[in-house]
Amino acid sequence: MVTPPLCPVWCARTLEGLAVGVGFGAIGKTASATFENARNLAVGIGIQNFPEGLAVSLPLRGAGVSTWKAFWYGQLSGMVEPIAGVLGAVAITLAEPLLPYALAFAAGAMVYVVVDDIIPEAQTG
C-alpha cells in the first residue's frame with residue numbers, strides 16, 4: 001500500500017488554519033483587522049487548497065491507488081485546517097497581547113515550510 005506524505009501537508013494546512021483563525025480572532029483589534037480582510041485571507045487560502053488537495057491525490061492515483069481512496073486522502077489532508085482555525089481564533093481572543101507574535105510565527109512557519117519542503121521538491125522533480 002502506498003502511504004501519502006501527509007505530514008508536511010498537514011503541517012502546512014495547520015498553519016494556514018491558524019492564520020485564518022488569527023485573522024478572524026483579531027477583528028476589531030487594529031485598524032487593519034477587519035472582517036473583509038479576514039474573509040479575503042480565508043478565501044485566498046481556500047482557493048489555493050484545491051491544488052494542494054490535488055498534489056496529494058494525483059500522485060496516489062498515478063501509483064495505482066483507487067480513485068475514491070486517493071480523493072479521500074486529498075480531503076483528509078485538509079481536515080486539520082478548520083480545527084486549527086478555531087484554535088487560532090480562540091487563542092487570539094484569549095491572548096490579545098500575543099497577537100503580533102502569533103502572526104509573525106504563522107508567517108515564519110509558512111516561509112519555513114516553503115523553503116524546507118516545497119523548494120527542494122520543485123528542484124528535484
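View 1. Glu16 is found in helix 1, which spans residues 6-25, where helices are DSSP runs of H or I with at least four residues, and strands are runs of E with at least two, numbered from the N terminus. This is a predicted model, in which local features need pLDDT of at least 70 and side-chain atom pairs count only at pLDDT 80 or more, whereas totals for chains, interfaces and linings use all residues. Residues are numbered from 1 along each chain as its sequence is written, and side-chain values use heavy atoms, with hydrogens and water left out. Glu16 is buried and yet has no salt bridge, the nearest side chain of opposite charge being Arg13, 4.2 Å away; buried here means under 20% relative accessible area, exposed over 50%, and partly exposed in between (1.4 Å probe, protein chains only). Not counting residues up to four places away in sequence, Glu16 touches Ile45, Gln48, Asn49, Glu52, Glu81 and Met110, a contact being heavy atoms within 4.5 Å.

**View 2. The salt bridge of Arg13 and Glu52.** The count comes to 1 salt bridge, defined as a side-chain nitrogen of Lys or Arg within 4 Å of a carboxyl oxygen of Asp or Glu. The side chains of Arg13 and Glu52 meet in a salt bridge at 2.6 Å, N to O. This pair links distant parts of the chain, with Arg13 in helix 1 and Glu52 in helix 2 (residues 35-62), 39 residues apart. Arg13 counts as buried, at 4% relative accessibility.

**View 3. The aromatic pair of Trp68 and Phe71.** The count comes to 2 aromatic pairs, where rings of Phe, Tyr and Trp (its six-membered ring) pair if their centres lie within 6.5 Å, and planes under 30 degrees apart count as stacked, over 60 as edge-to-face and the rest as tilted. Trp68 and Phe71 form an edge-to-face pair, 5.9 Å centre to centre with 85° between the planes. Both residues lie in helix 3 (residues 67-76), 3 residues apart, about one turn of the helix. Trp68 is exposed, with a relative accessible area of 69%, while Phe71 counts as partly exposed at 42% relative accessibility.

**View 4. The chain around these sites.** The chain has 5 helices and 0 strands, and its C-alpha atoms fill a box of roughly 50 × 30 × 20 Å, taken along the principal axes. Of the 125 residues of the chain, 31% count as buried.

Key. Lys, Arg positive; Asp, Glu negative; His and termini not counted.
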